[in-house]
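Please find below a note on the model under review. It is arranged as numbered points.

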Amino acid sequence: MEIVLKPIGYVRTSLRDEEIRSVFDRSSVRGYIEVLPEYSQGLRGLEGFSHVIIIAYLHKVPYEARSTLLVKPRRLVKLGLKPEELPEVGVFATDSPHRPNPIALTIVELEKIEEDRLYVRGLDLYDGTPVLDIKPYDKGRSIVGFRIPEWLRRLEEKVREKTGLDITP
């Protein structure tokens, strides 16, 4: 089976990849999604939603990283955890970009729409990242009472002890 996806637009931000990679609290990262002209009519009715879901292709993930199946949740190192404190888990239990199909799903705050541009806040995607789809975030997608595994709960406790930060949304 062959699957072919075409970008409907691209992420635009003034930040360098390293700056985006180093930010733990994404709420300060702003940019816009530039929708290609042939898809701009698809934005009609999106005004008024506070958040949108962006599905993107992680074009900068090297081919060899796509065979990675075991990873450590390294983003927690930014919060004071040591690499040796992190468990090795399956890639599907993390948000690691190294995965068989480097597809990203991120939820961003929609600040405004101007023509074919969605100005957003909370980006964790690099400038130039191809956008595959945009969906509105609504209460039908909101999960109440979700669970996390024990290994992640323990890591969150360590982060809270070390930094005072609560990384749980």
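1. The model is predicted: local features need pLDDT of at least 70, side-chain atom pairs count only at pLDDT 80 or more, and totals for chains, interfaces and linings use all residues. Residues are numbered from 1 along each chain as its sequence is written, and side-chain values use heavy atoms, with hydrogens and water left out.

2. Six strands form a closed barrel in the order β1-β2-β7-β6-β3-β8, with antiparallel pairing. Strands are DSSP runs of E of at least two residues, and helices are runs of H or I of at least four, numbered from the N terminus; two strands pair if DSSP finds at least two bridges between them. Neighbouring strands of this sheet are turned by 45° against each other on average, direction ignored (axes are lines fitted to C-alpha atoms, and angles run from 0 to 180 degrees between N-to-C directions).

3. Strand β1 (residues 9-12) is joined to β2 by four bridges, V11 being partnered with I33 in β2.

4. The partner of R30 in β7 is R121.

5. In helix α2, W151, L155, E156 and V159 are buried (under 20% relative accessible area, 1.4 Å probe, protein chains only). Seen down the axis of α2, the buried residues fall within an arc of 135°, so they line one face of the helix; the arc is that of the directions from the helix axis to the C-beta atoms. G164, with a positive phi near 80°, follows α2.

Notes
Buried < 20%, exposed > 50% of the residue type's maximum accessible area, 1.4 Å probe, protein only.
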